[in-house]
Amino acid sequence: MSDPRLAELERLIRRDPGRRGLISAEETLPPLCPGHLAGATEALLNSEGPVWIVTGFYIPAANPPAAETDGPPGAAFLAAILQQLGRPVRVVTDDHCRPVVAGALRAADLDPSLLLSCPVDPAEGTEWCRDQFADSPPGLLLAIERVGPSHTLDSLSGQPRSGLAPRNDFQARVPAETWDHCHNMRGVCIDAHTAPLHRLFEAASERGAPTIGIGDGGNEIGMGTVPWEELVARLAGEHSARIPCRIATDWTVLAGVSNWGGFALAAAAAVLAGRPEILRGWTAERHYAALQQLVSDTGAVDGVTRMPEATVDGLPFETYIQPWEGMRRVLGFA
């Protein structure tokens, strides 16, 4: 039976100060994927072999273009905690996001040699994913704030739901030319800047390897776990119907900011492993220093403001770090 602290950790990350929609909609709609943090933690600890953590969301419209500050810090923190728990870890990204993800590893005092980088070219990237998975398959595959391709009629119909798939509504609202493409939250296709790392999750599904997805906006790997119409009902904007990702995972952790999901999963893993003390040194000040270092060293940008600044999803650090401070209180550190 899960430690009751895990439910509190999940509660802390299910807040939506940026009003992205998935979490704030719970004020009037049922919550999505409740309890998945506990399930993901148990799957993580019960899995064998290396954990691969996939991250990096490139912002081509930033000046200059770079990966965003949501995703890599959460991935690096999770990797650091898993290493302390004795788990082998690889962090996976693509060539465009590599500088920022490598910087996040350095800021967390990790060796950047942990990083694997996939070519952005679709054919080369697909071959890379196939070869990597064949050579040294992961024991568990996890994505945090990593965009994935949108739905098609086939993927829509294949989702588990209580009734019939809303095929007519989907066809009316989602132009066929936008199917199976990666989109940012503005509904813009970013395939040209995104390696096909979702192929790793398709391979994992075929081979029965457990998978976890962490996201906050609906367009990330893992969101295919949720029926398309449930995501669309919670997302604002005229392009919301084309955004949801079709790639499902066994467990999908929803958070107001994806980094929070990485923080909570790391904390939950340490709790269930009986070693919460390894989290003590990660104070708010340490997280801020790591975020500042990431931005200054790599030019990582806030995904909302598109500016190279030590903020995440448009939130000032004081707001962004509140869930982590709450987690520390749950663990008795504050």
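Glu230 is partly exposed, at 33% relative accessibility. The model is a predicted one. The side chain of Glu230 forms a salt bridge with Arg234, at 2.8 Å from N to O. Arg234 itself is buried, with a relative accessibility of 5%, a value under the 20% limit for that class.

**Salt bridges**

In the structure as a whole, 13 salt bridges are found.

| Pair | N to O distance | Relative accessibility |
|---|---|---|
| Arg234 and Glu230 | 2.8 Å | Arg234 5%, Glu230 33% |
| Arg14 and Glu26 | 2.5 Å | Arg14 15%, Glu26 22% |
| Arg286 and Asp109 | 3.3 Å | Arg286 30%, Asp109 62% |

In the second pair, the closest N and O atoms of Arg14 and Glu26 are 2.5 Å apart. Both residues lie in the loop between helix H1 (5-13) and helix H2 (36-46), so the bridge ties together parts that are 12 residues apart in sequence. Arg14 is buried, while Glu26 is partly exposed.

Arg286 and Asp109 meet through their side chains in a salt bridge. Arg286 belongs to helix H11 (residues 284-298) and Asp109 to the loop between helix H4 (98-107) and strand S5 (115-118), so this pair ties together parts that are 177 residues apart in sequence. Arg286 counts as partly exposed, and Asp109 is exposed.

Salt bridges also link Asp180, Arg199, Glu202 and Arg246 into a network. Asp180 is located in the loop between helix H7 (167-173) and helix H8 (198-207). With a relative accessibility of 34%, Asp180 is partly exposed. The backbone at Asp180 has a phi near 60°, a positive value in a residue other than glycine.

Beyond its neighbours within four places in sequence, Arg242 is in contact with Ser150, Val174, Pro175, Thr178, His183 and Gly187.

On the surface, Asp95, Asp121, Glu124 and Glu127 gather in a patch of negative charge. One of these residues, Glu124, has its place in helix H5 (residues 122-135). Glu124 counts as partly exposed, at 48% relative accessibility.

**Packing of helix H13**

Helix H13 spans residues 322-330, and its buried residues are Pro323, Trp324, Gly326, Met327 and Arg328. These buried residues pack against H1, helix H3 (72-84), helix H10 (258-272), H11 and helix H12 (317-320). H11 is also the helix that holds Arg286, the partner of Asp109. Just after H13, Gly332 takes a positive phi of about 85°.

**Loop residues and backbone**

Thr225 is found in the loop between strand S7 (211-215) and H9. Its relative accessible area is 25%, and Thr225 is therefore partly exposed. Leaving out residues up to four places away in sequence, Thr225 touches His36, Ile247, Ala248, Thr249 and Thr252. Thr126 is 99 residues from Thr225 along the chain, and their C-alpha atoms are separated by 23 Å.

Cys33 is not a glycine, although its phi is positive, at about 55°. Cys33 lies in the loop between H1 and H2, the loop that also holds Arg14 and Glu26. Cys33 is buried, with a relative accessible area of 10%.

Where does a cis peptide bond occur? The bond joining Asn63 and Pro64 is cis, with an omega of about 0°. Pro64 is part of the loop between strand S2 (58-59) and strand S3 (66-67).

Conventions
Residues are numbered from 1 along each chain as its sequence is written. This is a predicted model: local features need pLDDT of at least 70, side-chain atom pairs count only at pLDDT 80 or more; totals for chains, interfaces and linings use all residues. Side-chain values use heavy atoms; hydrogens and water are left out. Patches are made of residues with over 30% relative accessible area and no salt bridge: like charges are joined within 9 Å, nonpolar side chains (Val, Leu, Ile, Met, Phe, Trp, Tyr) within 5 Å. Accessible areas come from the Shrake-Rupley method with a 1.4 Å probe; for residues, only the protein chains shown count as cover. A salt bridge is a side-chain nitrogen of Lys or Arg within 4 Å of a carboxyl oxygen of Asp or Glu. Lys and Arg count as positive and Asp and Glu as negative; His and the chain ends are not counted. The place of a charge is taken as NZ of Lys, CZ of Arg, CG of Asp or CD of Glu. Helices (H or I, at least four residues) and strands (E, at least two) are DSSP runs, numbered from the N terminus. Buried means under 20% relative accessible area, exposed over 50%, partly exposed in between (1.4 Å probe, protein chains only). Contact means heavy atoms within 4.5 Å.
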